[in-house]
Amino acid sequence: MLVRYGGNLPRYTSYPTAAQFDASVGAAEADAWLRAVPQGVAVSLYLHVPFCDVLCLFCGCNTAVVRDAGLREAYGRLLIEELRRVAARLGPGHPVRHVQWGGGTPTTLPPDSMRAVMREVRRLFTVDADAEIAVELDPRFLPGACPALLAELGVNRVSLGVQDLDPAVQAASGRVQSLEQTLECVRRVRAAGIGSVNIDLIYGLPYQTVEGAGATAATVAAQLRPDRLAVFGYAHVPWKQKRQGLLPEAALPPPAARLAQRARIDAALRGARYRAIGLDHYARPGDALCLAAETGTLRRNFQGYTVDPAPVLIGVGASAISSFPQGMTQNVPAQAFYARAMAASDDLPAVRGVRRTEDDRLRGEVIERLMCALRADPAAIGARHGAGAGWYDGAWPGLRQAEHDGLVVLEGTVIRVTEAGRPFLRNIAALFDAHHAPAGVRRHAGAL
């Protein structure tokens with residue numbers, strides 16, 4: 001099983017995945033696709049801040065340590081300028097139900113910069129009164145006035161990383177963060193009136209053990225009591241993210257141990273009455289994520305699992321990705337080059353992306369249903385897209401093998417993923433991926 005379902009696979013937060021992005025799509029397509037959004041159609045906003053106070057060695061994000069307050073202020077002004085360019089092309093009358101501040105650590109921006117950006121968001125767009133406004137935090141670097149500032153900005157959900165509580169794992173990973181720091185962070189944001197807290201855990205880190213991963217999950221559930229959790233397998237891609245080369249690679253757990261760690265975390269969280277959502281999320285009964293999973297409205301995008309139904313996601317900032325029905329675009333990745341691109345012209349700073357074909361839309365819907373609902377009917381979905389009955393004949397050998405291995409149940413044309421198959425969701429989704437790289441091509445982290 002480990003050999004058969006090993007290899008490198010995308011996380012399928014989009015389809016096509018970012019591995020298919022290239023320079024044939026850029027600013028002109030971003031401009032045209034924004035102008036083509038019909039009036040009244042809801043959009044979501046993602047605001048990327050690529051700064052951190054300290055770099056975690058396991059992180060694969062586009063981030064850097066920037067101490068210069070003036071540079072951070074200048075970046076806030078660039079976010080505002082890009083928002084204005086987006087709004088000028090999009091036109092008025094678009095409700096916004098989700099605003100996500102990501103990074104990096106968005107709170108590294110000066111408070112007045114965050115205020116100015118959110119003020120511009122509300123001026124340029126029609127932000128719903130009950131919109132979800134979320135921000136990522138680092139409990140180690142949370143200024144005293146920050147929770148009150150976030151509440152002032154309308155933030156109603158925060159996400160913070162814990163990863164693992166074992167001091168040896170933390171030291172090897174470059175993320176030393178005590179339980180007390182995290183408890184204090186959660187206490188302060190809840191005291192400020194921010195109602196929803198998400199915690200990130202990671203398995204597969206150096207020196208991590210099955211017992212330690214399970215103990216971390218149990219402690220987080222009992223003491224931090226988050227509303228949601230995201231449980232990620234560490235993605236080791238040192239050929240893409242050089243800082244990961246500083247990790248003690250010999251101390252990384254092998255696939256069998258990673259799966260055991262995942263299983264122990266799963267048992268701890270289910271034992272604490274959390275419900276499993278899709279591949280790697282958990283939520284309390286009654287949480288909006290749980291309700292979306294139960295009603296079949298759960299979605300998946302670059303931020304992971306979401307209840308956001310908007311067909312358009314607009315990414316603002318260095319390396320931010322936007323998603324449209326026609327395709328996806330990504331901005332200039334590095335902050336310095338992003339600033340240079342913004343100064344060079346009045347164009348949008350998108351430099352790469354991918355167009356979606358009708359076949360991509362069909363396959364993307366099947367993959368999203370598998371990832372979100374653990375169930376899909378490729379024949380019925382294909383019929384809606386006008387595809388012939390045999391459009392996914394190539395997936396059948398893999399599906400039958402997965403059924404033999406107990407990962408799926410095949411009921412006519414319906415694929416139902418079993419609980420045993422949940423950790424292998426990416427493998428099952430990959431059967432419908434027409435762009436998947438051949439064996440031996442390193443584009444993604446290990447599937448398990």
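Where do E120 and R123 lie, and how many residues apart are they? Both sit in helix 3, 3 residues apart, or about one turn of the helix. Keep in mind as we go that this is a predicted model.

Let's stay with that pair for a moment. The side chains of E120 and R123 come together in a salt bridge, at 2.6 Å from N to O.

Now bring in the neighbouring helix. Helix 2 (residues 69–90) and helix 3 (residues 111–124) have axes that come within 9 Å and cross at roughly 5 degrees. With angles under 35 degrees counting as roughly parallel, that makes helix 2 roughly parallel to helix 3. From helix 2, the residues that take part are E73, G76, L79, I80, L83, R84 and A87. Sort the residues of the contact by type and you get 8 nonpolar, 2 polar and 4 charged.

What about salt bridges elsewhere? Searching the whole structure turns up 26 of them. One to look at is R175 with D138, where the closest N and O atoms are 3.7 Å apart. R175 belongs to the loop between helix 5 (167–173) and helix 6 (179–191), and D138 to the loop between strand 5 (126–137) and helix 4 (146–152), so this pair ties together parts that are 37 residues apart in sequence. Here both partners are tucked away: R175 is buried, at a relative accessible area of 8%, and D138 is buried as well, at 4%.

Next, find R299 and E368, another salt bridge, with 3.1 Å between the closest N and O atoms. R299 is in strand 11 (residues 299–301) and E368 is in helix 11 (residues 358–373), which means that the pair links parts 69 residues apart in sequence. On the R299 side, a relative accessibility of 28% counts as partly exposed. E368, on the other hand, is buried, with a relative accessible area of 17%.

Key:
Residues numbered from 1 in each chain as written. Predicted model: local features only at pLDDT ≥ 70, side-chain atom pairs only at ≥ 80, totals over all residues. Heavy atoms only, no water. Axes fitted to C-alpha atoms, helices over the stretch in contact; angles between N-to-C directions. Helix = DSSP H or I, 4+ residues; strand = E, 2+ residues; numbered from the N terminus. Parallel < 35°, antiparallel > 145°, perpendicular 65-115°, else oblique. Contact = heavy atoms within 4.5 Å. Nonpolar A, V, L, I, M, F, W, Y, C, P; charged D, E, K, R; others polar. Salt bridge = Lys/Arg side-chain N within 4 Å of Asp/Glu carboxyl O. Buried < 20%, exposed > 50% of the residue type's maximum accessible area, 1.4 Å probe, protein only.
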